[in-house]
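Okay, thanks for coming, everyone. Let me put the model up, and then we'll talk through some packing.

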Amino acid sequence: MTTHRSDYRFTHPGALIAALPAVLGFTPEKSLVLVALQHGQMGSVMRIELSQALDGDLDHLMEVTSGSGAEQVVAVIVDVDGASCPMCNEEYRDVCEALGTALADDDIELCAAHVVDRIEAGGSWHCVDGCGASGPVDDPMASPLAVAAVLDGRRLYQRRADLGAVIAVADVERSQALVAVIEQHAAVRETNWRLDPDGCGRRDVEAAMAISSRVCDGEQLADAELAELACALTDVAVRDTLYALAVGADASRAETLWAVLARTLPDPWRVEALVLLAFSAYARGDGPLAGLALEAALRSNSEHRMAGMLDTALQSGMRPEQIRELAGTGYRLAKRLGVRLPPRRGFNRRAV
C-alpha cells in the first residue's frame, strides 16, 4: 500500500485523477486509490492493488483511512481492461458499497467513486454508481502538483516498479559476497570501538560524509568501503548522527549514498541504509520514496523501531517539517562526538 499527503483543492474529477501520479510518485495501474478530503482539500492518498480490493482485503486500508483525519473520501479505480466492462463495473460497485459501509462506521463519507481507464492525457473516467457523469482526464504533467514536484527536484515514475528500482538490490551475487567482507571488518571495528568508542564513531561519520561526496561524483565504492559503511550504520550513535544529514546543506549527497547502499548491501545491514534513505526522502517531502523504502525495511525487520515510527507517521499524514525536528538529536550527538556537520538548510519548498 502507498500513502501520501498533499494539500490541494481540486475543481473536477479529471483534475483530481490527473494529480494522483504527482502525489504517489508514479502512475497507478490496476489500483484502488482513496483520496481523503479535509475542508475540501486533498489530504492523505492511499493505494492498494486492485486485486486486493476485489478480494475484499480492505481492513488495513480502512485502518489507515480512519486515522487520516478525513471527513470525506473519493475512490478512484484504475483499470484499463475493466473500465469499459459492464460486468467489471458490477464488481467495482460491490467494492465501493463495502467501502462506503466501512467508512460510515468511522463517520467518513464516501462522496464519490470513479473508474478510470488510464491516468494520462486522453484517458477517461466515469462514475461507478451509474450516475452518468463522465469526462476526460486532465494532462497529469500539467497538474499543479506535478509542476510543484518537478520544481522540488522530484522525479515522477511511469510505474511503481520504476520507483522500486531506486532501492532494489542491483547485483545479488555481489551483495551476498559482501557478507564475508563485512563480518571481517566488523571484528576489526569492534576492537577499535572498545578502545575509543567516540573516536571510532567520529571517524565513521566523517568517512560517510567524505564518501557521499565521491559517490555524487560518480565514483564506484570498493568492497572494503562498503563494509566500513555497513558496520558504521550498526553503531547507534553513528546512525543517529547521520540522520541529521537529511536537513543539512549536503542532504542530496547523503541521500544518494543511502540509495547506493540500499541497492548494494545485503541484509541485515541494508535495513539501516533503507531507513536513512526513507528519513531523508520524508524530510524533503518525497512520501512515495520514503514509503517504499520503509516497506522494504520493515519487510526485512518488522521490529525496527525507527522504521516503524516513520511508517506510522507517514501513514497518519504527519508533515515533513515535523519529521525534520528529529534531526536535532543528530546534531547533539555530532557535538558530543566532535564532528562538524553541514549547517542546517532552510526548507522553503512545498512538500507534495
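**Helix packing and cores**

So, H13 and H14 are oblique to each other, where oblique is what remains once you take out angles under 35 degrees (roughly parallel), over 145 (roughly antiparallel) and 65 to 115 (roughly perpendicular). Quick caveats: this is a predicted model, where local features need pLDDT of at least 70 and side-chain atom pairs count only at pLDDT 80 or more, while totals for chains, interfaces and linings use all residues. Residues are numbered from 1 along each chain as its sequence is written, and side-chain values use heavy atoms, leaving out hydrogens and water.

Back to the pair. Helices here are DSSP runs of H or I, at least four residues, numbered from the N terminus. The axes of H13 (residues 287–300) and H14 (residues 305–315) cross at roughly 140° and come within 10 Å; they're lines fitted to C-alpha atoms over the stretch in contact, with angles from 0 to 180 degrees between N-to-C directions. Contact, meaning heavy atoms within 4.5 Å, involves Gly287, Ala290 and Leu294 of H13, among others, and residues including Ala307, Gly308 and Leu314 of H14.

Now, which residues touch the most other members of the largest nonpolar core? Val35, Leu242, Trp258 and Leu261, out of 88 residues. A core is a set of buried Ala, Val, Leu, Ile, Met, Phe, Trp, Tyr and Cys joined through side-chain atoms within 4.5 Å, with buried meaning under 20% relative accessible area (1.4 Å probe, protein chains only). Helix H12 (residues 269–283) gives the largest share, 12 residues.

H12 also holds glutamate 272, which counts as buried at 11% relative accessibility. Beyond its neighbours within four places in sequence, glutamate 272 contacts Leu233, Arg239 and His304.

Methods
Helix = DSSP H or I, 4+ residues; strand = E, 2+ residues; numbered from the N terminus. Buried < 20%, exposed > 50% of the residue type's maximum accessible area, 1.4 Å probe, protein only.
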